[in-house]
Amino acid sequence: MEKHDGRDARQIRAGDLKDPWYDELASGWGELDGTGTPTTPAVPAPAAPPERSVCAADIYLEVQASAAFQEVRRRYRRFVIPGVAAFFTWYVAYVVTATAAPELMARPVSGAVNVAMVAGLAQFATTFLLTWAYARHARLRRDRAALDLRWAFFEQKREQEQKREQELQRRAER
């Protein structure tokens, strides 16, 4: 059974949604037109480029150079680099110990369980622990700042598009 929220999908057009996560270019692909055949969206004709306006690449470079972006990257590196170094050291220590000291790894811990089995299971446990810690760190320290940056970028892009539309309207009126 399909979930229906009460709106007719044909009534929603590209650009109606003001959500920056909405992919305007992908809307319409593969959707049915009511007769059971997939529709193909109309591709708008490319507009003549206005005189040296700010393009998306310039906005990306501006965002990348911003202090907020650098802070998000710094927070990411402060977690990931030590985490990867610690986990890689732990993994290499397990492999080296297994090959260099097999008698240590074969030492029984409890019944048929030996040190190698405990250390191997600890590898799995630390993988899940590191994944949980990374997700928690991202949620608490980076996600809000990254979302704010994304909204700022989309706001700049929307302003750029509005200026471009106004310029095109002025040219059309002449």
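**Ground rules.** I number residues from 1 along each chain as its sequence is written. Since the model is predicted, local features need pLDDT of at least 70 and side-chain atom pairs count only at pLDDT 80 or more, while totals for chains, interfaces and linings use all residues; side-chain values use heavy atoms, with hydrogens and water left out.

**Whole chain.** I looked up the elements and found 4 helices and 2 strands. Helices (H or I, at least four residues) and strands (E, at least two) are DSSP runs, numbered from the N terminus. Along the sequence they come in the order α-α-α-β-β-α. Of the 174 residues, 13% are buried (under 20% relative accessible area; exposed is over 50%, partly exposed in between; 1.4 Å probe, protein chains only). The chain exposes about 14,000 Å², and 61% of that comes from carbon and sulfur atoms (Shrake-Rupley method, 1.4 Å probe).

**Helix H2.** I checked its length next: H2 covers residues 67–100, 34 residues in total, and spans 48 Å from first C-alpha to last. The expected figure is 50 Å, taken as 1.5 Å times one less than the number of residues. Val72, Val80 and Gly83 are buried in H2.

**H2 against H4.** The two helices pack at about 175 degrees, with axes 10 Å apart (axes are lines fitted to C-alpha atoms over the stretch in contact; angles run from 0 to 180 degrees between N-to-C directions). So H2 is roughly antiparallel to H4 (that label needs an angle over 145 degrees). By class, I noted 19 nonpolar, 6 polar and 3 charged residues in this contact. Asp, Glu, Lys and Arg count as charged; Ala, Val, Leu, Ile, Met, Phe, Trp, Tyr, Cys and Pro as nonpolar; the others, Gly among them, as polar.

**Two residues up close.** Phe79 lies in H2. Leaving aside neighbours within four places in sequence, Phe79 is in contact (heavy atoms within 4.5 Å) with Leu130, Ala133, Tyr134 and His137. Phe79 and Ala133 are 54 residues apart in sequence, yet 9.3 Å apart in space, C-alpha to C-alpha.

Then I looked at Gln123, in H4. Is Gln123 buried or exposed? Gln123 counts as buried because its relative accessibility is 9%. Again leaving aside neighbours within four places, Gln123 is in contact with Phe87, Trp90, Tyr91 and Tyr94.

Note on methods. Angles under 35 degrees count as roughly parallel, over 145 as roughly antiparallel, 65 to 115 as roughly perpendicular and the rest as oblique.
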